[in-house]
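Please open the model in your viewer and keep the selection panel at hand. The tour begins with the whole chain and then turns to single places within it.

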Amino acid sequence: MRKIIISYLKQHPKTVRFVWDTARLLLQFIGLFIPIKKERIIFCSYGGRSFNDSPKALYDKILKMDFFSDYDLIWAFDNPNNYHVKRGKKIKIDTITFFYYLLSSGVWISNSGMDRGIGLKRKRTIKIETWHGTPLKKILGDENQTALGGKKISFKGKPDKNTIRCSQSDFDRQLFARLFNADIKSILKSDLPRNDVLVENNFNVDKIKHKLGIPLDKKVILYTPTYREYLIDENYNTYIAPPLDMKLLQEKLSKEYVFLVRAHYAVTKSLNLEENDFVYDVSDYPDINHLYLISDILLSDYSSTYFDYSILDRPILCFAYDLEEYQAKRGLYLNLDKVLPCRIDKTEQELIDSIMNLNYDEACKKTHVFHKKYAPYAGESCKIILNVLMTRLK
């Protein structure tokens with residue numbers, strides 16, 4: 001039923017705007033009677049679907065800091081029973097309880113919006129919006145074919161100076177300033193909190209591989225295809241179907257590699273993979289950083305994973321089999337041919353050739369150049385953001 005409702009709303013933008021406007025007015029009114037508790041922080045990751053990413057990185061850091069020892073910590077989930085939090089309260093998102101804690105929390109920390117798109121304004125609330133990756137594909141109404149009937153999202157009023165946001169480089173900093181109507185000074189040159197561990201790189205790689213059942217003597221290719229919102233089946237599932245013959249890939253590559261597939265979080269049905277000792281479906285693995293750290297090569301198409309993975313200075317490959325269609329229907333902010341540190345493969349055979357003929361050291365050097373341009377601030381994101389937060393809270 002939820003999928004049917006979402007599909008209906010996407011096709012009826014006037015209804016969406018009416019619902020949002022009504023909810024905003026109602027909650028703004030209710031908020032007049034709910035005091036804001038300065039020492040209460042509410043967290044949410046991917047609309048409540050996860051307990052990970054930058055909100056969790058900030059949460060883990062907060063747990064270790066004396067400054068926040070007396071703070072109420074609230075996590076909003078779609079299924080709270082599926083998660084364990086070390087300290088704090090779990091609540092179900094989109095309930096009366098959720099909106100009470102939202103209105104009463106002095107700090108909101110999220111990676112894809114906290115107020116469910118309603119646009120609540122709370123003058124004494126500090127908002128930290130980390131977002132969830134440098135946009136390669138167009139977002140927030142810039143899409144060539146938008147979900148809201150072709151209407152571009154527009155902001156009114158003065159640029160937002162109050163929301164704390166992150167950027168990985170000058171590229172996304174400038175882009176976010178426009179997309180969110182934000183004062184560019186409020187967008188920190190900090191990279192993303194979730195990426196601090198990529199710089200620290202102190203995980204036991206063999207232990208992670210053992211957990212996933214990956215042989216220690218095999219190199220790892222991590223495939224992270226993004227979703228195509230225009231590919232929806234009769235059951236309202238978003239799916240991906242890249243032209244890959246897994247048997248052929250296994251035949252050509254399995255002596256040296258294993259192939260990990262990590263679908264985008266918005267994809268509900270992907271590839272119909274048959275796992276074996278070559279192909280592993282890691283779409284539900286909770287921490288993508290673990291997958292980055294054990295991988296020797298990243299393979300993607302139009303995903304922001306390029307920017308995060310580049311911090312490791314390891315080879316990147318691009319399999320953009322539907323580039324023209326994706327460019328026409330969704331659109332990209334960057335020209336892949338000119339930006340990525342690799343060639344653009346459009347067929348399976350081209351991809352196999354790129355892998356089998358990879359000059360690893362040379363590819364690492366190219367990725368390093370890309371890293372320094374698009375993720376130059378990585379390393380101390382949690383520290384930078386929480387220092388700004390503590391200054392505002394004092």
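The radius of gyration is taken over C-alpha atoms, and the globule rule is 2.2 Å times the number of residues to the power 0.38. By that rule a compact globule of 394 residues would have a radius of gyration near 21 Å, and the chain, with 21 Å, agrees. This is a predicted model, in which local features need pLDDT of at least 70 and side-chain atom pairs count only at pLDDT 80 or more, while totals for chains, interfaces and linings use all residues. Residues are numbered from 1 along each chain as its sequence is written, and side-chain values use heavy atoms, with hydrogens and water left out.

Now select Asn111, in the loop between β4 (105–110) and β5 (126–129). Asn111 has 0% relative accessibility and therefore counts as buried (under 20% relative accessible area, with exposed over 50% and partly exposed in between, for a 1.4 Å probe and protein chains only). Show the side chain of Asp53 as well, since a polar contact of 2.9 Å joins it to that of Asn111 (a pair of N or O atoms within 3.5 Å; within protein, one must be able to donate a hydrogen and the other to accept it, and residues adjacent in sequence count only if both atoms are side-chain atoms).

Key: Helices (H or I, at least four residues) and strands (E, at least two) are DSSP runs, numbered from the N terminus.
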